[in-house]
Amino acid sequence: MPSRQPPPGTRGDLTLIRTGLPLTREDSRDCPVALSVKARPWLGPAVPPEGARPVLESFTLKPLMAALDRIEHEGQPVHDVLELLRSTRGTFGVGRTPAHPGLIEWTAHALVRYLSALEAAAEARRSAGEPASLPVRGEWVVRNVLRAPDSRGATRYERTAWGRRYASPDGAVRELRLLSFGSAKENRPPAEVAAAAFTIAVGELSTAGFDRENWRTMPYSPLPPHRLRSHESGRPHRVRVYATGCTDGSSVLLTESTVAEAEATYARLTAPVLRRVIDGTERTPGSGCVDCAALTACAALPRAPGLLGIPAPRTPRRRRSVSASDLRAFGDCPAKYHLTRQLNLPSGRPENEAIRRGRAVDAVLNERHALRPPNGCRTLPAPEPEGAWADLADTTAVTAAAMLEQHAVLCPLDGLPAHEEVGVQRQLTAYDPALDVVVIATPDLLYTEDGGWVWRETKTASSARYEHRSPLRGYPQLALAVLLMAAGVPGGDPRRGRIELEILYEDDCAFHEIDPGLPEVVDEARDVIAGYARPWSQETAYRATPGRACSGCEALPWCGPGREHLATAEATTRHEAHAR
């Protein structure tokens, strides 16, 4: 966005450019315009949003960070902080948005795990004869202030690295811990790791307030020297960046370097990425549309009024995204949806064999379907078991291989002309302006045929569970596919479009073809999706609804009502068995 004018649909000030670690994670699904707008925190939508604020905390790590601040910077005992966490629902009495009970449970668990990981690191240092690291207040920020606006219209650049900060007693070693919800995330992009190391190596401890008059963040300003403790004021010689998992307490050293090495690595790996992000002009609709200030003027985002088949709620909500998986999770239980789909909390439990088998089969199919030119699967050799099925039990691996053979009979790419377009796991997006909802779908396979688009979903199953039901009711993503194609997404000649479903069993397969142009099919799809979307659109508290879905629920470790329900059901079963 190398222009001095705000992009269409936005208004505000271009003079501040602020980049954090998320902007260094290049992803082909990201929208360059959305990222470039996000890098300019003083830009906002031309028409301010009217939706009510969420009644529950939506930033998963906020209660955990607040709890750690009280322990590390205020010296409060862990037991007292845990009590305060629960009694105030994570607000700690300072006016924050309260958290869902499930998030409070996870935060209490994560707090103990995180502190255990810190203690293990401290013990390792003591054994090596090194001093323990001390917590650091404020943020390390790299600031560049220009005398006059540059070609982008910017006069101030700020680079931040969010996480937990520590330093050796003399300040010679600085550390940053990057938190993830589950296990330590070791596969962070090199540009992100380099950005983190550079920021803590060169940055000054700073703070940023909030300008209530203009309702925007204020620029970062360095903390005055008299507010710095000795370990916070020293200049670093080495920096370390760790990945830390909050659910399991795992910790991995991502990089350790001198200041000069951090600067050189940043210039080589991160600076080119940030230049592309800041200057992005292409538009790629996707999940980034939810937070994009330029959405209302985006011509690349398909509009689909009434897509979900429900009226706008009486009280407008802040813009949200929704997918068929979201609606299905909400249908199981509102708490499950909030904890797993909105907050992305991991269960901490291993996936069952059926889910792992399905993921393994999907991975092989995605890899094969991505071959260019499209070749299909019929003539391809069986994958090496130690690669494709390495994480599966022997009997499950045999089943997965058999399912792959069943797919070869149905593979739509066999004989597909080379000029046809093929998309594997391509994200499709549409916007319902009445609901202010971004609808997202990711077909397993999307390909063109004679001017129309074909949407293919592939499922693995142990039995013909849904064979007696309408495919649209058995698989809501097909119903959403019908509505999207009826609304003109992804495009092409709608009269030539169709939806396909293949179901793979160990010794058989099933195939269904759905015409999204038939009025009766669209009516059924609208009825299915509206049945899911109506309660979803009105919910705000996301209370647990214990029932059959509790067994195997990903949110169960953080859901007290669900665990109580299963315990009661188990006790009832034992009592009935004893009575017989």
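**Exercise 1.** Work out how β2 and strand β6 (residues 156-160) pair, and where β2 sits in its sheet.

*Solution.* Start with the pair: β2 and β6 run in the parallel sense over 4 bridges (strands are DSSP E runs of at least two residues, numbered from the N terminus; two strands pair if DSSP finds at least two bridges between them). Within this pairing, Ile17 stands opposite Tyr157 in β6. Next, widen the view: the open sheet has 5 strands in the order β2-β6-β5-β9-β12, with mixed pairing. β2 and β12 (221-222) each have a single partner strand, so they are the edges, and one side of each lacks a neighbour in the sheet.

A word on the model: it is predicted, with local features needing pLDDT of at least 70 and side-chain atom pairs pLDDT 80 or more, while totals for chains, interfaces and linings use all residues. Residues are numbered from 1 along each chain as its sequence is written, and side-chain values use heavy atoms, leaving out hydrogens and water.

**Exercise 2.** Is Thr19 buried or exposed?

*Solution.* First, locate Thr19 in strand β2 (residues 16-19). Then check its relative accessibility: the value is 5%, so Thr19 counts as buried (under 20% relative accessible area; exposed is over 50%, partly exposed in between, with a 1.4 Å probe and protein chains only). Finally, look at what Thr19 touches: leaving aside residues up to four places away in sequence, these are Ala39, Glu158, Arg159, Thr160, Leu274 and Ile278 (contact means heavy atoms within 4.5 Å).
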